[in-house]
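Have the sequence and the 3D view ready before you read on.

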Amino acid sequence: MWCWGLESCSIKETEHQKRHEVGAGTTGRAILQEMVQNEPTSDAHALLNQLVAIRADLADEYAQPHAYPWVIGFSGGKDSTLVLQLVLEMLLELPPSQRTRHVHVLSNDTLVESPIVQAFVDETLERVRLAVKDLKLPVTVAKTQPDLDQTFWVNLLGRGYPAPSRTFRWCTDRMKIRPTTGYLQHLIAEGGKAILLLGVRRAESAARARTVARYDNGERLNNHNDVANCMVYRPIVELTTDDVWTVLMQVRPPWGGTHRKLVTLYRNAGGGECPFVVDQADTPSCGTSSSRFGCWTCTVVEKDKSLEGFIKVGNEHLEPLVDFRDMLQEYSRDRSKRMEERRNGQASAGPFTMAVRRELLGCVRELEREVGFSVITDAEIERIEAIWREDESMLTRRQAKRLLDIVQDT
Ligand code: SF4
């Protein structure tokens, strides 16, 4: 039975799934072809033809006469999962002698990701890591994270930045774009160029369609907006959301198991995800009401529907995270919690006062006790305390200068 759409699909294990394990021997294409034979609807044929074309396109790009590495931007969501699956299946179909190009599976952890989603992503990455080793594929699985100096807690508790908002979204660049850009630039420095594969689709949203159209040069590869010598390849750009789910629900991944857990995750979280953000043009899609698999601390959205969804289905232990996030939002909007000038000395709502930063760190420690897992690292706390010392001495200097100015004026 073909399943069109997440809501309507019963996600039953099909006979095809029971009989086939995708791996070194059997490819997803073989299963889909068999399904089309059993269920020859025009929709099924159209999707199969699209997948065959995408696979041919991937194989053709992979066979180009250069060695620029491929980097798959992997968020753990449905779209990047499908891209990863298609690439691994394409590699498996090639004789080992032709698997000459190295592929990197790149995931970014902001360190404040939704704990349930991050556990799932880590589990998938580990499965992929083991599978590519067993299958002897030229694939590296990598995970980036923000620099210690730029984590969520170091900026919020250390520098006193208010929680991110639509007007002051300081997080996406520091916690997502810079770490992945650093990884890409390192590869580019070594090999001259890199090709970034993204699971971006025109049908995701009107905003996404506009972004795709703006940077579409009519070629298979487009220049990355911000990273020189990086080309962007969007192999599934024309697939619909139903297409993606159909494939994922009918075909097992080459790293073993099924995609059932992914489907359940989406169902519990209410369907949205924060995509793999690679440049400033993508920033607006991070932390919007349609992006629900983001940081649990995200205050750019009014409500964290994904976390609330996970709590509703039995993860009550995460409730304190929602309360803490709401408190952050309230504190950030309360002028009495903020300094009267910015860090650069300009008169305006500034960072949290030193007392509020200390109070919030205490709340984070209490939160850890309530949820039973670590939320902040010792290295972050050390860095935060160092910034407090610097800020306190800067404030003392500013105050002394003001007093001196007053004395000189009188
Ligand atoms: S999910 Fe929210 S907090 Fe996290 S990077 Fe995106 S906008 Fe910032």
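Is Asn 229 buried, exposed or partly exposed? With 16 C-beta neighbours inside 10 Å, Asn 229 counts as partly exposed. Here is how that works: a residue is buried if 20 or more other C-beta atoms, placed from the backbone, lie within 10 Å of its own, exposed if 12 or fewer, and partly exposed in between.

A word on the model itself. It is predicted, so local features need pLDDT of at least 70 and side-chain atom pairs count only at pLDDT 80 or more, while totals for chains, interfaces and linings use all residues. Residues are numbered from 1 along each chain as its sequence is written.

**The overall picture**

The protein has 14 helices and six strands. Helices (H or I, at least four residues) and strands (E, at least two) are DSSP runs, numbered from the N terminus. Of the 410 residues, 38% are buried. Contacts mean C-beta atoms, placed from the backbone, within 7 Å of each other. Among contacts between residues at least 6 apart in sequence, 71% join residues at least 24 apart.

**The sheet and the helix across it**

The six strands make an open, mixed sheet, in the order β3-β2-β1-β4-β6-β5. The edges belong to β3 (139–144) and β5 (221–223), and each has a single partner strand, so one side of each is left without a neighbour in the sheet. On average, neighbouring strands are turned by 30 degrees against each other, direction ignored. Strands pair if DSSP finds at least two bridges between them; β1 (residues 70–73) and β2 (residues 103–108) have four, in the parallel sense. Look for Gly 73, which stands opposite Leu 106 in β2.

Now find helix α4, which lies across β1, β2 and β4 (194–197) and runs at about 145 degrees to β1. Angles like this run from 0 to 180 degrees between N-to-C directions, with axes fitted to C-alpha atoms, for helices over the stretch in contact. In α4, 14 of the 16 residues are buried, so the helix is largely enclosed by the rest of the structure. The expected span of a helix is 1.5 Å times one less than its number of residues. For α4 (residues 78–93) that should be 22 Å, and its end C-alpha atoms are 23 Å apart, which agrees.

**Two helices side by side**

The axes of α13 (residues 354–371) and α14 (residues 378–409) come within 12 Å and cross at roughly 170 degrees. That makes α13 roughly antiparallel to α14, a label for angles over 145 degrees. Met 354, Arg 357 and Leu 361 in α13 meet Ile 384, Trp 388, Asp 391 and Glu 392 in α14. The residues of this contact divide into four nonpolar, no polar and three charged. Nonpolar covers Ala, Val, Leu, Ile, Met, Phe, Trp, Tyr, Cys and Pro, charged covers Asp, Glu, Lys and Arg, and the others, Gly among them, are polar.

Most residues other than glycine have a negative phi.

Lys 136 is exposed, with 10 other C-beta atoms within 10 Å.

**One last pair**

Leu 48 lies in helix α3 (residues 42–62) and is partly exposed, with 16 other C-beta atoms within 10 Å. How far apart in space are Leu 48 and Asp 243? They are 9.8 Å apart, C-alpha to C-alpha, and 195 residues apart in sequence.

Notes
Two residues are in contact if their C-beta atoms, placed from the backbone, lie within 7 Å. Angles under 35 degrees count as roughly parallel, over 145 as roughly antiparallel, 65 to 115 as roughly perpendicular and the rest as oblique.
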